[in-house]
Each structure stands twice: as structure tokens, then as C-alpha cells.
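Please look at the sequence and the 3D structure below, and keep both in view while reading. The paragraphs that follow go through some of the contacts between side chains, and then turn to strands.

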Amino acid sequence: VEFGGSTNLVKLKKIYGYGGGRYLTAHGSDGGTGERDASSSWALVHDFDNADSLWEVESGGSTNVVKLKKKQGYDVGRYLNARGSGYRSGPDSASSYALVHSTDGQESLWEVRYQELPRTPP
């Protein structure tokens, strides 16, 4: 986790595998190319290490549970979420697409698990 100018701002960077070295963001609202519907856009990883990759970490109400809210750029104010049924539910039965959504309910809660990185990529 890379911290921005405040302890509650983070950038999430993919470490290994496809998309490695890219930052979590969303580019849908306000003219972006990833709009899903009027209330949501697809999340993605991108090469640019800039303010569009900043997320505000909000408390989810219990230890290690958070909400991630897009801080700047496209989709500002939307929460990281996932959808598993209905429209384009996922690439296969074991996965769902990530997105940002304007609502901040229970579907926007994420559990944070800290883990040591292996010394070499798997």
C-alpha cells in the first residue's frame, strides 16, 4: 500500500502477474470509457501513477473492514464494489467483475488481510 498525503489515502498497486505494476482505478463517469450504467463504472488497473489512482479508506464498522472511495479524477466519490449476478456477472463461475458504484452500503465492505510478500514472484 502506498500512502498519499494523508494516512487515510492509499494507492493499490498490482505486484505480480498480468497487470503487475499497474494501479487500481476506474475511468467511467465524466466522459471516461468504462461506464457500466448511470450509477457505476468498471474498475481497472492502469499504468498511470497519479491522483486518479487515489482511494480514501473509510471504516467499515469493525476491525480490518473498510470501504474504498475514489478520491479524485474519474468516478470521484464512488465506492469499490463487485457484482456477481445479472449483467455480465463475471468471466467464469469463480469470479466477478470489480466496479465502482455510487452507493456505499454493505456491498462496498472489504476485509483487509495483511500478508508478507514472497521474496520472488510465484
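A salt bridge joins Arg113 to Glu111, and their closest N and O atoms are 3.4 Å apart. Both residues of this pair, Arg113 and Glu111, are exposed. The model is a predicted one, and the distances given here are computed from it. In total, eight salt bridges are counted.

Another of these salt bridges is formed by Asp47 and Arg22, with 2.8 Å between the closest N and O atoms. Asp47 belongs to the loop between E5 and strand E6 (55-59), while Arg22 belongs to the loop between strand E2 (9-11) and E3, so the pair ties together parts that are 25 residues apart in sequence. Asp47 has a relative accessible area of 51%. Exposed means over 50%, so Asp47 counts as exposed. Arg22 has a relative accessibility of 30% and is therefore partly exposed.

Arg78 sits in the loop between strand E7 (65-70) and strand E8 (79-83). Its relative accessible area is 11%, and buried means under 20%, so Arg78 falls in the buried class. The side chains of Arg78 and Asp75 are also listed as a polar contact of 2.9 Å.

Asp75 has a further partner. The side chain of Asp75 makes a polar contact of 2.9 Å with the side chain of Ser41. Ser41 is part of strand E5. With a relative accessibility of 0%, Ser41 counts as buried.

How many aromatic pairs are counted? The count is one. In this pair, the ring centres of Trp42 and Tyr97 are 5.4 Å apart and the planes stand at 65 degrees, so the arrangement is edge-to-face. Trp42 is in strand E5 and Tyr97 is in strand E9 (residues 97-101), so the pair links distant parts of the chain, 55 residues apart. Trp42 is buried, as its relative accessible area is 16%. Tyr97, at 27% relative accessibility, is partly exposed.

The charged end of Lys11 sits over the ring of Tyr23, at 6.0 Å from the ring centre. In a second case, Lys67 lies over the face of Tyr79, and the distance to the ring centre is 6.0 Å.

Which strand is joined to E3 by four bridges? The partner is strand E5 (residues 40-46), and the two strands run antiparallel. Within E5, Val45 is the bridge partner of Leu24. Strand E5 thus comes up in several places: E5 is joined to E3 by bridges, Ser41 lies in E5, and so does Trp42.

Methods
Residues are numbered from 1 along each chain as its sequence is written. This is a predicted model: local features need pLDDT of at least 70, side-chain atom pairs count only at pLDDT 80 or more; totals for chains, interfaces and linings use all residues. Side-chain values use heavy atoms; hydrogens and water are left out. Two strands pair if DSSP finds at least two bridges between them. Buried means under 20% relative accessible area, exposed over 50%, partly exposed in between (1.4 Å probe, protein chains only). A polar contact is a pair of N or O atoms within 3.5 Å; within protein, one must be able to donate a hydrogen and the other to accept it, and residues adjacent in sequence count only if both atoms are side-chain atoms. A salt bridge is a side-chain nitrogen of Lys or Arg within 4 Å of a carboxyl oxygen of Asp or Glu. Rings of Phe, Tyr and Trp (its six-membered ring) pair if their centres lie within 6.5 Å; planes under 30 degrees apart count as stacked, over 60 as edge-to-face and the rest as tilted. A charge sits over a ring if NZ of Lys or CZ of Arg is within 6 Å of the ring centre and within 35 degrees of the ring normal.
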